[in-house]
Amino acid sequence: MSDVNPILSGSAQSIAAYQDAIEQSTQAVVEWLKQPEMYQGKTVEQLRERINLNFTSQGLGNQAAIERAVEYFLKDSLLVHHAQCVAHLHCPSLVISQAAEVLINATNQSMDSWDQSPSATIIEIKLIEWLREQVGYAAGDAGVFTSGGTQSNLMGLMLARDAFFARQGHSIQQDGLTGDLSKIKVFCSESAHFSVQKNMALMGLGYRSVTQVKTDAFSRMDLADLKDKLAQAKANGEQVMAIVATAGTTDAGAIDPLADIAALAAEHQIWMHVDAAWGGALLLSEKYRDFLNGLELADSVTLDFHKQFFQTISCGAFLLKDARHYELMRYQAAYLNSDFDEEAGVPNLVSKSLQTTRRFDALKLWMGLEALGKKQYAEIIDNGVTLARDVAEFVKTQPHLELVMEPQLASVLFRFRPQSDDMAFVALLNQRIGDVLLASGSANVGVTEADGVTCLKLTLLNPTVCLEDVKVLLASVKATAEQLLKA
Ligand SMILES: Cc1ncc(COP(=O)(O)O)c(C=O)c1O
């Protein structure tokens, strides 16, 4: 294999090939970044037709493979940094995060054992210690980086379930599920992320194990309903293994009353998990950190750095208040974390994770914190929250727009309101506005529901977006609506 060795190594030939491939890719990205359109506007059918794998006997070589990726992937990718790309909790990324990816990818460390990632393991542990401090947990290193919110929520729910059964003298890890499972419940609000349902199904307890607590006018968990439902569960002989509070619901950015929920959870001896996948960014805020008061009372916390921390996908973390609960998922694999290693004090991250082979995503956050510093990181996070408030004020001045709810984090929920009270018509019109804007390639606006009626959503994470950009977008919404109404 010496002539055409495709492996990254220290040989002069490999280093030259690496530099050529990276240079060619970087150049293509630079051109792509400058593209004015948010999206080239191709349909599903057009892309299916256009994109085909070319896996030949001899191979095309790096240069041609990159050229094809530029043509068939890059050109038709969505510009997430574009001012009109504001649909989802999908952030533009930090430049330093891109540099970190170069280091992460080239070194290809794997976090499942010390001997596959020595310095990376120490960096991840130190970052977990630091994150715990930000949350207000006691000093320690119970926690791990994850692929994102869904996996972190799964870890919280799984440990809550296993701790619940352990209190009754039963080991889920050893013996699996037991007893009348229809009586086991998890509580979360009606606005909690769907990964709660999906994870409960995955854990063998099904969607029906999820009791949805009503929300108030701001999509926050309603405490009175939580109390009622807890009392009702008790009366029905049901057992609540966890309450999942959300700090930053996906649409409204609502933060449940964390301290009050924690007090109820403690009173009923129920595990409290906080899904702070979005709102966790306020840990770095200068202006809004107090929104997260009570987070420190949770038994476990989900954080997601590929949302308002502006890291590239994937990058999330799970934090566990009491390290002893990690015993519930301990597994000793002789080839990774032997007794001998543990006695010698060799760090062991695989025991804290659902994954085995795992990327060193922690480096992105580490370098981001160092590069930006406290002030700049706080500014880019706070910017979105402040902008959402300004946009909401502007929406209120527009007679054809209806503000659905006052913003709480960096999102604005609104509708285009034609002169009609037929809400089915209003819902369809708003759905079509979102579809037409994306198909034209000019903007990506979120389409979701509030109180069962379709509405539009702006998720204003991007710190380079200003009120004037949003006004341009809202003008496009209006023009699109008028075209649709005419047709
Ligand atoms: C509140 C909340 N929790 C969890 C998730 C899932 O996170 P991920 O997509 O990183 O798995 C999301 C995704 O948007 C979310 O909004």
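One term before we start: a residue is buried when its relative accessible area is under 20%. By that cut-off, 49% of the 487 residues in the protein chain are buried. Keep in mind that this is a predicted model.

Let's take the whole chain. Count the elements and you get 14 helices and 11 strands. Along the principal axes, the C-alpha atoms fill a box of roughly 70 × 65 × 45 Å.

Now the surface. The protein chain exposes about 23100 Å². Carbon and sulfur atoms supply 54% of that area.

On to the ligand. How many residues surround the ligand? There are 13, and the closest are T150, T250, D275, D304 and H306. By class, that shell has eight polar residues, three charged and two nonpolar. Which helix gives the largest share of the shell? Helix α6, residues 149-167, with three residues.

Now the polar atoms around the ligand. Start with D275: one of its polar side-chain atoms lies 2.6 Å from a nitrogen atom of the ligand. G149 uses its backbone: a polar atom there is 2.8 Å from an oxygen atom of the ligand. K307 uses its side chain, with an N or O atom 3.1 Å from a ligand oxygen. How much of the ligand does the protein cover? On its own, the ligand has 390 Å² of accessible area, and the protein covers 83% of that.

Last stop: F164. This residue is found in helix α6, the helix that gives the ligand shell its largest share. Is F164 buried or exposed? Its relative accessibility is 5%, and the cut-off for buried is under 20%, so F164 counts as buried. What does F164 touch, leaving out residues up to four places away in sequence? The partners are I184, Q239, V240 and M241. For a sense of distance, take F164 and S285. In sequence, they are 121 residues apart. In space, the C-alpha atoms of F164 and S285 are 35 Å apart.

That's the tour. Over to you for questions.

How values were computed:
Residues numbered from 1 in each chain as written. Predicted model: local features only at pLDDT ≥ 70, side-chain atom pairs only at ≥ 80, totals over all residues. Heavy atoms only, no water. Near = heavy atom within 4 Å. Polar contact = N/O pair within 3.5 Å; in protein donor to acceptor, adjacent residues only side chain to side chain. Areas by Shrake-Rupley, 256 points an atom, 1.4 Å probe, with all protein chains shown as cover. Helix = DSSP H or I, 4+ residues; strand = E, 2+ residues; numbered from the N terminus. Nonpolar A, V, L, I, M, F, W, Y, C, P; charged D, E, K, R; others polar. Buried < 20%, exposed > 50% of the residue type's maximum accessible area, 1.4 Å probe, protein only. Contact = heavy atoms within 4.5 Å.
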